[in-house]
Amino acid sequence: MFTVFIVGTAGSGKTTLVSSFADWLEDNQYDVAIVNLDPAVEYVPYIPDIDIRDVVSARELMRKYKLGPNGSIIAAIDMLAVRAQEIKSQIMDIGANYVLIDTPGQMELFAFRSVGSVLINRLSMDRSAVVFVIDATQAQTPSGYVSSMLLALSTQLGLICLRLTCLIRLIYSTGPWLIKYLSGVRRRTYSGRH
Ligand SMILES: Nc1nc2c(ncn2[C@@H]2O[C@H](COP(=O)(O)OP(=O)(O)OP(=O)(O)O)[C@@H](O)[C@H]2O)c(=O)[nH]1
Ligand SMILES: [Mg+2]
C-alpha cells in the first residue's frame, strides 16, 4: 500500500490533482482510494473513500468553540492526530494499492506546527510520498519561486522518513509523470530522515 499526501498552499490545486490523478490511476488499472483530510472543504470533485468531515467538521468547531476559519481547521487536525490510528485502520481495510490523501491549504499545519507531520507520519504506510504542489502563478517571479521552495523545504524538515517533491501545477495531465516518480520511492526500512 502506497500513501501519497498532497500538500501545498491554499488554492494551489491539491484537490484537483487528487481528482485527476485518481482518474488517471483508475483508467490505467491501478487500484486507488481517496482520503479527504480537509475538514473545511464544501465541495470536492471526487467521491472520497474516507472523509474526515464525517469525523470532525471545522464549521461545527467554529460554532462550538467560537473559533475563526483557520483556528477551526487547526483544532480539527489536532483532534484527527489523536484518532490517527483509527483512520489508518480504515485506510488499511480498503486495501487499495494507492491511497491519495487530500489536505487542507493551511500550510502552517505542515510547515510550522508539529501536528501536520505527526499526522502524516502516523498515517504513512510502508511506502509513502508527500507531493508539495506549488501554484504556477506564484512561481512566476524569482521571489515567488524562492519563497515557495523555502516553504516546501520547511515542510520537508518536519517530515520523518518521507520523500518530498515539488510540483508546479501547469497542466491537469500529470499522471504519467507522477507515477514514474512514485515508482522510485523506496520502502521505509529505517526511521531516520532522508
Ligand atoms: N489552469 C489550471 N487550473 C487549476 C489547476 N489545478 C487547479 N486549478 C484550479 O484552481 C482552483 C483551485 O483548485 P483546488 O484544486 O480546489 O485547489 P486546492 O489547493 O485544493 O485549494 P484549497 O483546498 O482551498 O487549499 C480551481 O478553480 C481549479 O479548477 C491546473 O493545473 N491548471
Ligand atoms: Mg482542496
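Analyst: This is a predicted model. An angle between helix axes of 65 to 115 degrees counts as roughly perpendicular, and α2 and α3 are therefore roughly perpendicular to each other. Helix α2 covers residues 58–65 and helix α3 residues 69–82; they pack at an angle of about 110°, and their axes are 8 Å apart.

User: Which residues of α2 and α3 make the contact?

Analyst: From α2 come A58, L61, M62 and Y65, and from α3 come P69, S72, I73, A75 and A76. Sorted by class, this contact holds eight nonpolar residues, one polar residue and no charged residues.

User: At what angle do α4 and α6 pack?

Analyst: Helix α4 (residues 84–94) and helix α6 (residues 114–123) pack at about 40°, with 9 Å between their axes. The crossing of α4 and α6 is right-handed. On the α4 side the contact has A84, Q85, I87, K88 and I91, which meet L119, R122 and L123 of α6. By class, the α4 and α6 contact has five nonpolar, one polar and two charged residues.

User: How do I place these helices in the whole chain?

Analyst: Start with the count and then the order of elements. The chain has eight helices and six strands, and along the sequence they follow the pattern β-α-β-β-α-α-α-β-α-α-β-α-β-α. Next, look at how far apart in sequence the contacting residues are. Among contacts between residues at least 6 apart in sequence, 75% join residues at least 24 apart.

User: What share of the residues count as buried?

Analyst: Of the chain's 194 residues, 35% count as buried. The largest nonpolar core has 44 residues, and V4, I6, V99, L100 and I101 touch the most other members. Take L100 as a case: leaving aside neighbours within four places in sequence, L100 is in contact with V4, I6, V18, F21, A22, V32 and I34.

User: Is N36 buried or exposed?

Analyst: Count the neighbours. A residue is buried if 20 or more other C-beta atoms lie within 10 Å of its own. N36 has 23 C-beta neighbours inside 10 Å, so N36 counts as buried. N36 lies in strand β2, which runs over residues 32–36.

User: Which residues does N36 touch?

Analyst: Not counting residues up to four places away in sequence, N36 touches V41, V44, P48, D51, I52, R53 and D102. A C-alpha distance can be read as well: N36 and Y46 are ten residues apart along the chain, and their C-alpha atoms are separated by 9.5 Å.

Key: Residues numbered from 1 in each chain as written. Chains lettered and ligands numbered in written order. Predicted model: local features only at pLDDT ≥ 70, side-chain atom pairs only at ≥ 80, totals over all residues. Helix = DSSP H or I, 4+ residues; strand = E, 2+ residues; numbered from the N terminus. Buried ≥ 20, exposed ≤ 12 C-beta atoms within 10 Å, placed from the backbone. Contact = placed C-beta atoms within 7 Å. Axes fitted to C-alpha atoms, helices over the stretch in contact; angles between N-to-C directions. Left-handed = near helix turned anticlockwise from the far one by under 90°. Nonpolar A, V, L, I, M, F, W, Y, C, P; charged D, E, K, R; others polar. Parallel < 35°, antiparallel > 145°, perpendicular 65-115°, else oblique. Core = buried A, V, L, I, M, F, W, Y, C linked by C-beta atoms within 7 Å.
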